[in-house]
Amino acid sequence: MAKEAAGSSGGPQPEQRSGPGVAPDNLMVKCPKCKEILYSRDWEKNLKVCSRCNYHFRLTAHERVNLLLDPGSFVELDAAMVSVDPLNFVSRSQSYAEKLQEERAKVGLNEGAIRGYGTIEGLPLSLAVMDFRFIGGSMGSVVGEKVTRAIELGLERRWPVLVVSTSGGARMQEGFYSLLQMAKTVAALARLSEAHIPYFSLITDPTTGGVTASFAMLGDVILAEPGALIAFAGPRVIEQFMHVKLPEGTVNSEFVLQHGMIDAVVHRRELRATLARLLRLYKVPEAARAQQPASATAQSQVEVATLLPRQSSQSRAEVGGGQDGLRS
Amino acid sequence: MVYDLEFEKPLAELEKRIASLQRKGERLRPEEHVQLQEYERELRRRTEEIYRSLTAWQTVQVARHKDRPYTADFIHLMCEEFFELHGDRRVGDDHAIIGGPALFNGETVMIIGHEKGRGMREKMYHNNGMPHPEGYHKAIRLMEQAEKFGYPVICLVDTQGAFPGLEDEERGQGSAIAASLYAMARLRVPIIAAVIGEGGSGGALAISVADRLLMLEYSIYTVAAPEAAASIIWRDKVYAPQAAEAMRISARELYALGLIDELVPEPLGGAHHNHRLAAENLKTALIHHLQELRQIPVDRLVQMRYEKYRAVGPFGFAS
Ligand SMILES: [Zn+2]
C-alpha cells in the first residue's frame with residue numbers, strides 16, 4: 001500500500017539497497033548514516049547500533065526475537081506457512097511463484113514474518129515479528145495470517161500480544177487479498193481489546209503503508225526504535241506528490257512521537273527491559289472476570305466492601321459520592 | 001452521449017455521423033432516416049460489444065471518468081432527504097469525505113462517502129476525494145452516531161487514496177485509517193459499502209469494512225494505483241496497464257474471485273452516460289441488501305462480519 005495513493009508509492013523495492021551497510025569483508029561494517037567504519041565484533045556486541053551516531057541497523061526477525069525474549073524461550077509456530085499465488089499473478093519477467101522461491105532461498109525464511117510465543121523476564125507473551133528482507137517486508141496473506149494468529153493465541157491463552165513491525169506496505173502481487181489483511185488483523189485486535197488483553201506494538205525501521213495504517217498504530221502501547229522511518233506514505237511519495245524535498249529523517253520515530261502518534265522511542269539496549277516493565281504493569285485480568293460480567297461485578301463488590309472500611313471517609317468522598325459512586 | 005476515451009474512438013466516430021444526420025432534422029431524406037437508425041443500432045451494438053470485454057486498464061479509465069456520478073450525485077438521486085454533517089470535532093472539516101443522515105427508501109441511514117468534486121473549484125474544495133486524517137475521524141464520528149441511533153451505514157467509495165502529504169503524517173494518517181478499520185470491525189449496525197468509481201488502497205478500505213461490499217460494474221478496487229504498483233514491481237509506471245491486469249482490480253474480476261458480494265450493473269457505456277439509471281441500479285441493490293441485513297440479530301451480524309474478514313487470504317504450508 002504502500003501507499004497509496006496516488007501516484008506512486010513507497011513500496012518495497014526502492015528500499016532494498018544492497019545489504020545495508022555491510023562491507024565486503026566481514027570484519028568491518030560501515031554505518032550507512034555517519035559512514036563510520038565499525039568492527040563487526042564491537043558492532044554486534046553493541047546490538048548492531050552504531051557506536052558513533054546511534055544508528056540502529058535493521059535486524060532480522062530471528063535477531064529481534066533473540067534480542068527481546070528470554071534465551072531459549074521462543075517457540076516458533078507456523079514456520080512452514082507459505083504464500084500461494086492467489087491471483088496467478090502475471091508478471092513481465094519473473095513470476096510471483098519464482099520470486100517467492102528466490103526470496104525464501106535468499107532470506108532463509110518462508111515468509112516475511114515469524115510468529116510464536118515465549119517469555120520476557122519470565123512473563124509469557126504471544127508475538128509476531130516482521131522481517132524487512134523478505135520482499136521489502138511487504139504484507140501479503142501469510143504475514144496477515146501470522147499476525148492474526150499471534151493475536152488469536154493471545155486471546156486463547158490470555159497472554160499479552162506483541163507485534164514487531166517493519167514493512168514497505170502491501171504485497172502488490174497478492175492484490176486485494178493483501179489490502180484486506182489490514183481489515184483482518186484489525187478485526188482480530190478489536191476482539192483482543194474486548195477481552196481486555198493488552199497489545200504492544202513495536203515499530204522498527206522502516207514501517208510504511210498498510211502496516212502503519214493498521215496494526216502498527218493500534219497498540220495499547222506503541223514503542224519505536226530511534227530514528228526509524230515511520231510513515232503512512234513514505235518520504236519519496238510525499239516528495240513526489242507535494243513537489244518538495246524533505247530533509248533526511250523528517251518522518252521518523254521522533255517525529256511521530258512529537259505528534260502524539262506513539263508512546264515512546266526506546267533505545268535497542270532498553271527494549272527488553274521496557275517490555276518487561278510493560279508486561280508487569282499490564283497484567284492480563286483473569287478470564288472469569290473479563291468474560292463474565294455478572295460474576296465479575298459480584299466479585300468486585302466484595303473487594304470494594306472489604307476495601308472501603310480501610311479508607312478514610314474523606315478519600316471515599318473524593319472518589320465521587322462514596323460507596324454508591326464506587327459501585328455504579 | 002460523449003465517447004471520449006481512447007478505446008471508444010470507433011464509437012465516437014459513429015456518434016459523429018449520427019449527430020450530423022440528426023442536425024438535418026426535418027430535412028432528413030427517407031434513405032438518410034434509414035441510415036440514421038442503422039447507425040444508432042450499430043452504436044448500441046458496438047458499445048455493448050466493447051463494454052462486455054473491457055480490459056482492466058480500460059476499466060480504470062471508465063472508473064476515473066470525469067463525468068462519472070460521484071457520491072454527492074448518488075446521494076441526490078437516491079435519497080429523499082439528506083443533511084450534511086461537518087467536522088471531526090477535533091481539528092477541522094475534511095471535504096474529501098462527506099456524510100450525514102439521509103432518508104433512504106423511507107428510512108434513516110447514515111451515508112458516508114468520498115467526494116471528488118466536479119470541475120476545478122470543486123476539485124480543490126474536495127481535495128479531489130483524497131482524505132486527510134480529519135476525514136476519517138469525521139467518518140468514525142458519523143458511524144458511531146449511526147450506531148447510537150441504530151441507523152444502518154452506507155459508504156460510497158471513490159478515491160485514489162488517502163492524501164500523502166507531510167501534514168497528513170503530522171496529524172496521523174496511518175492512525176486515522178487504522179482507527180476507522182477498528183471502528184467498522186465492531187460497529188453494531190449493518191454496514192454496506194459500495195465502490196462507485198475508484199477504490200484506492202487503504203484510503204478506500206478505511207470506509208469499506210462492511211457486511212456487504214458492492215461494486216459498480218466498471219469500478220475498480222486496488223491495493224495500490226496501477227501506476228504505483230508498476231513502479232514498485234517493474235520500476236516504471238508505463239507498465240500500469242499490465243499491473244492493472246495482473247492485480248485483477250476490476251469489479252468483474254473481484255466478483256469472480258468471490259471478494260465482493262454484488263456487481264451492480266451500469267448503464268450502457270458506463271455510469272457517466274446516465275447518472276439517473278446508475279443511481280436507480282445502485283439503490284435497488286442497496287435496498288435488497290439492507291432488507292437482508294436488517295433480519296440478522298446484531299450479535300450475529302458482527303460475528304459474521306468478523307468471520308468474513310478473518311477468512312480472507314489463502315496460504316499453504318511448505319512440505
Ligand atoms: Zn553511525
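Why is strand β3 (residues 107–114) of chain B largely enclosed by the rest of the structure?

1. Six of the eight residues of β3(B) are buried, so the strand is largely enclosed by the rest of the structure. Here a residue is buried if 20 or more other C-beta atoms, placed from the backbone, lie within 10 Å of its own; strands (E, at least two residues) and helices (H or I, at least four) are DSSP runs numbered from the N terminus.

2. This is a predicted model, in which local features need pLDDT of at least 70 and side-chain atom pairs count only at pLDDT 80 or more, whereas totals for chains, interfaces and linings use all residues. Residues are numbered from 1 along each chain as its sequence is written, and chains are lettered from A and ligands numbered from 1 in the order in which they are written.

3. Strand β2 (residues 97–104) of chain B runs antiparallel to β3(B) and is joined to it by eight bridges (strands pair if DSSP finds at least two bridges between them), with Gly99(B) partnered by Ile112(B). Two residues lie between the strands of this hairpin, where Asn105(B) takes a positive phi near 55 degrees.

4. β3(B) also runs parallel to strand β4 (residues 153–159) of chain B, through four bridges, and the bridge partner of Ile111(B) in β4(B) is Ile154(B).

5. Chain B as a whole has 14 helices and nine strands, and buried residues make up 51% of its 319 residues. Its C-alpha trace spans about 65 × 55 × 40 Å along the principal axes.

How values were computed:
A residue is buried if 20 or more other C-beta atoms lie within 10 Å of its own, exposed if 12 or fewer, and partly exposed in between; C-beta atoms are placed from the backbone.
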